[in-house]
Amino acid sequence: MSINYSLGLKTSTPGKKKPKRKVYATAQYTRVCDTEAIMQYVVKHTSVQDRGEIMSVICSVVDCMRERLLDGDRIELGELGSFYCVIKSKGAETAESFDPMKHIRGVSVNWRPGKRFRNLDRDAKYRLVPRRETVVKRLRQETEYFNSQLPARQPSKQPPLTPVAELSPEEARERQVIDAAESLLLRLAPREEAQASEATGESR
């Protein structure tokens, strides 16, 4: 269990004309802990085994917190910490000219960590990892190299049309249209598979 970080150059004194750049650490996350992961943790570490019940409780807590924050409350959740609203606004010339519809630009929620989260540095371990941009670039290069080593696809031969000697002229034309469409699909299938493989490689 460790916190991943990467290194990058950043300006240490932004206000100067020639700011000095130094190397700083930036936290990098590798996974996202979603509601499903939390439910699995609760099932594993408690006697509650009903996933639907756990999800219902989580949703109820979220709804309650949102309602209390919109009502101007400060939420205290023990060791988890406290949550409270912060208003973003632009200044008015006088108190009388302040219009909330005009000057208030938005509201955000601040979290003040509780005791269990304020001392993370005591138990934290750190691991140096590449920057995400470097990983994406490397994967793209490997994908391009892999694709370049694949043998060239040979164009598929068009299958012969179905004999139409025993069909009426209308049926013969319909059969030829169907056979031509099937032939076209057969030729396009390898191309679509290659494009799908390229798209999958780029998204990784």
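Rings of Phe, Tyr and Trp, the last represented by its six-membered ring, count as a pair if their centres lie within 6.5 Å. In this predicted model, such ring pairs join Phe83, Trp111 and Phe117 into a cluster.

Two aromatic pairs are found in the structure. In one of them, phenylalanine 83 and tryptophan 111 are stacked, with 6.5 Å from centre to centre and 20° between the planes. This pair bridges distant parts of the chain, since phenylalanine 83 belongs to strand β4 (residues 81-89) and tryptophan 111 to strand β5 (residues 104-113), 28 residues apart. Tryptophan 111 also meets phenylalanine 117: the ring centres are 5.4 Å apart and the planes stand at 75°, so this pair is edge-to-face. Phenylalanine 117 itself sits in helix α4 (residues 115-118).

Trp111 and Phe117 contribute, along with Leu77, Leu80 and Leu120, to a nonpolar surface patch with about 440 Å² of accessible area together.

The protein has an average pLDDT of 78, and 71% of the residues score at least 70. Among its elements, strand β3 (residues 75-76) has the highest mean pLDDT, 94, while helix α7 (residues 169-203) has the lowest, 57. Where pLDDT is low, the predicted coordinates should not be read in detail.

Notes: Residues numbered from 1 in each chain as written. Predicted model: local features only at pLDDT ≥ 70, side-chain atom pairs only at ≥ 80, totals over all residues. Heavy atoms only, no water. Patch = residues over 30% accessible without salt bridge, like charges linked within 9 Å, V, L, I, M, F, W, Y side chains within 5 Å. Areas by Shrake-Rupley, 256 points an atom, 1.4 Å probe, with all protein chains shown as cover. Salt bridge = Lys/Arg side-chain N within 4 Å of Asp/Glu carboxyl O. Helix = DSSP H or I, 4+ residues; strand = E, 2+ residues; numbered from the N terminus. pLDDT = per-residue confidence, 0-100. Phe/Tyr/Trp six-rings, centres within 6.5 Å; stacked < 30°, edge-to-face > 60°.
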